[in-house]
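Subject: Structure handover

Hello,

I am passing on the structure we talked about. Please find it below, followed by notes on two of its residues.

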Amino acid sequence: MSMLNQARVVVIGGGIIGCSVLYHLTKKGWKDVVLIERSELTAGSTWHAAASMHRAHGNPNIAKLQAYSQDLYKRLEEETGQSCGIHEVGGVYLASSKDRLDELKIQHARGRYMGFDFEMLGLEDIRKLNPLVNTEGLYGGMYDPLDGHVDPAGVPHALAIGARQGGAKIYRQTAVTGLQQRADGNWDVRTLKGDIQAEFVVNCGGLWAREIGALSGLDLPLLPMEHQYIVTEDVPELLNLASEMPLTRDYDKGFYMRQEVRGLLVGTYERDGRPWAVDGTPEDFGMELLADDVERMMPNLETAMERMPAFANAGLKRIVNGPMVFSPDGLPLLGPVPGQRGMFLAVGIMAGFSQGGGIGRAIADWIVEGDPGSDLSVMDNARFGTFATKEYTYAKVTENYANRFAIHYPGEERPAGRPLATTPMYENYLGMGAVMGFTYGYERPLWFAPQGVKAEDVNSFRRTNWFAHVGNECKTLRERVGLLDLSIYGKLLVEGPDAEAFLNHVFCGRIPGMVGRMGLVPMLNERGGIIGDYTAAKLNDTTFYLIGAFGAERMHMRWFDDHKGDFDVRYRSVATDFGVYGLAGPNSRNLLQTLTQEDLSTESFPFFRVKEIEVAGVPAKVMRVSFTGDLGYEIHFPIQQQEKLFSEIWKNGQDHGLAMVASRALDSLRLEKSYPRWGLELTADTDPFEAHLDGFINWDKNFIGKDALECRRDEPHKWEIATLKVDARDADPIGNEPVLNNDEVVGVVTSGGYSHTYATSVALAYLKPEFLVAGTRVEINVMGESCGAIVQETCLFDPDGTTLRG
């Protein structure tokens with residue numbers, strides 16, 4: 001078959017992901033689409049996968065994506081006539097520790113919100129579902145009736161058949177040798193069998209994703225790891241079961257296990273994992289396996305034998321050791337590549353069969369509609385910047401592989417690859433007892449351990465060692481004054497004759513028209529979903545300074561690129577050029593006044609204003625704003641002068657009761673003020689009406705997303721944001737817990753924590769509108785316990801804003 005020389009989309013890679021993207025493009029009505037595979041369909045990682053399916057995931061949108069995949073595979077068999085080898089046998093998750101049981105309780109509660117029929121299990125329940133389990137030492141478990149596994153060859157071929165039925169072309173044994181973008185933005189895809197010109201290219205290269213990315217100048221943060229599972233000879237105990245054994249996982253013991261015909265398939269993620277092809281995947285690798293290393297698996301296999309005694313007596317049939325590719329945080333790299341229009345990624349997908357269907361649909365939607373259909377920012381390839389070097393990727397991938405089955409606690413910060421980038425005050429903070437966290441390559445203080453207290457986190461789902469110390473930081477700020485290092489804020493400089501007009505186009509909020517003014521400016525997609533949340537300050541007639549989420553800057557600048565059009569405007573990140581200190585609390589004005597000759601009175605410097613002045617001899621942009629909700633200021637200064645500025649602030653602050661305050665305290669304080677955070681309360685799945693940001697919208701201009709908002713401006717909203725006091729005990733809501741009324745789900749928590757000022761657990765949640773009335777009583781499932789909660793009329797702290805504006 002001769003190859004086309006032109007196509008709307010070229011998908012590179014014929015594994016589960018490439019076939020899914022191709023299939024879903026045809027389902028969107030695009031027939032002029034092509035898949036190019038260097039070898040045969042499923043070559044690489046797909047063909048040897050254990051091909052398990054599960055819905056459970058800590059991120060609700062990923063869980064929904066996985067649920068869609070399972071539904072899709074069932075439909076595929078009918079649609080194409082190709083068997084997908086579906087075994088929907090259910091899944092048993094075992095808890096061999098109390099913390100694991102806590103984790104399963106959280107997952108079970110999230111399942112309620114998502115409509116999944118998960119079930120918590122006692123020991124007798126476990127024995128009934130899987131009589132092969134030795135329940136000694138177990139604390140309980142969880143069951144998903146829809147877990148299972150599929151045929152790793154059947155599913156991709158069914159997708160390929162469906163894509164061909166929709167008009168797509170597939171070329172096997174066709175290696176891609178070059179990618180060149182034309183002046184008009186289209187791509188020349190060069191292969192050994194000729195070239196194809198395409199508007200869009202999707203890198204679904206799997207093990208070869210790095211090499212394909214390099215063809216267009218990308219250095220993708222990916223690393224393959226060896227992954228092993230064993231298949232046993234026949235196990236007599238399986239023959240006595242009434243039905244196929246459910247997929248059984250004991251992550252505390254380090255294994256997953258399912259039935260494979262009349263034997264068992266047992267997989268492990270060893271603590272001593274092995275990277276593979278660090279410097280590049282061999283060109284001639286395809287349907288091969290790697291040399292097995294069963295000794296490396298033995299610690300996991302021995303614990304598996306204890307938990308499943310029938311496995312201990314089984315004969316070994318074969319060992320499968322095949323490479324799988326991982327990103328530094330273990331999540332896929334998806335979506336459009338910043339700076340390369342028309343280039344998309346769908347790579348680094350470890351859970352290929354659980355997520356493959358949903359990812360294929362999301363990428364197709366992203367290409368055709370310009371939007372993936374839901375908030376997938378945690379998977380967006382733009383979440384990694386230049387900090388994700390090969391060395392960093394190696395350190396994090398090997399760490400994540402070793403901890404694949406480990407519990408990931410709320411707020412847990414893992415150490416590999418760190419510190420990577422630091423501010424000048426980093427060593428000083430360590431000397432002051434700082435426990436550090438990581439944001440987009442940079443270290444930031446999480447909390448400060450007092451003298452005599454060990455400066456380290458003790459991880460838990462419940463209130464832990466830093467709880468009281470964070471409370472003291474909150475108390476200091478509310479009663480006196482706190483100093484916060486906010487240098488990890490994102491910062492964009494937008495300049496040019498059309499800067500104001502451009503910002504009015506991409507933001508729905510009121511862009512400040514007068515020099516020295518500031519504005520809260522949400523950014524929307526065409527659906528009206530909130531994809532960004534910035535504070536904009538007008539520095540002069542043609543220059544604006546924007547403050548937002550550091551980790552989202554590349555995503556947002558990509559959005560700027562896509563909508564720049566003919567505007568005469570320039571924009572760049574200055575996040576690492578400027579440090580930021582926050583001064584907040586009742587004594588903040590008096591302290592700052594000792595460091596500048598500028599009049600800081602409310603009359604001269606009111607709320608939401610910016611002044612370019614000197615602070616302790618350091619040139620700075622000082623903003624009259626604070627995310628604590630208290631009287632406060634943000635001081636933006638050249639990062640090279642951080643130590644000098646800190647020294648002066650600290651020296652003068654002693655007479656005002658100054659103390660260090662870090663990010664965990666800030667999160668508690670912003671909850672007291674009911675301030676939403678981008679990525680939690682503010683996502684592409686929420687709109688300004690639901691988030692109560694509609695008061696910031698400037699309806700007198702045209703902006704992206706306006707049409708969508710106007711269509712539902714007068715319509716009832718699905719849900720709206722609310723603040724709740726929660727009657728929690730030793731654990732607080734953390735997010736994605738269901739809000740219940742008479743056992744019916746009426747909302748979902750977006751974030752929560754403890755208000756040290758008011759000595760109560762607090763949560764922000766989206767509720768059905770009829771439950772927004774102040775005083776309404778509902779329940780929140782926290783750690784498997786139903787906790788009473790009361791809807792508040794407004795925020796807990798300073799509801800009328802007199803302190804904030806004072």
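**Arg100 and its surroundings**

Setting aside residues up to four places away in sequence, Arg100 touches Leu94, Ala95, Tyr251, Asp252, Phe405, Ala406 and Ile407. Please keep in mind that this is a predicted model. Arg100 sits in helix α3, which covers residues 98–114. Its relative accessible area is 4%, and because buried means under 20%, Arg100 counts as buried. The side chain of Arg100 also makes a polar contact, at 2.8 Å, with the side chain of Glu103. As for Gly360, 260 residues away from Arg100 along the chain, the C-alpha atoms of the two are separated by 32 Å.

Thr596 belongs to the loop that runs between α16 (588–593) and β28 (610–615). Is Thr596 buried or exposed? With a relative accessible area of 11%, Thr596 is buried, since the cut-off for buried is under 20%.

The side chain of Thr596 has two backbone atoms to report. One is the backbone nitrogen of Glu598, which the side chain of Thr596 reaches at 3.2 Å. The other is the backbone oxygen of Glu614, which lies 3.0 Å from a polar atom of the Thr596 side chain.

Regards

How values were computed. Residues are numbered from 1 along each chain as its sequence is written. This is a predicted model: local features need pLDDT of at least 70, side-chain atom pairs count only at pLDDT 80 or more; totals for chains, interfaces and linings use all residues. Side-chain values use heavy atoms; hydrogens and water are left out. Helices (H or I, at least four residues) and strands (E, at least two) are DSSP runs, numbered from the N terminus. Buried means under 20% relative accessible area, exposed over 50%, partly exposed in between (1.4 Å probe, protein chains only). A polar contact is a pair of N or O atoms within 3.5 Å; within protein, one must be able to donate a hydrogen and the other to accept it, and residues adjacent in sequence count only if both atoms are side-chain atoms. Contact means heavy atoms within 4.5 Å.
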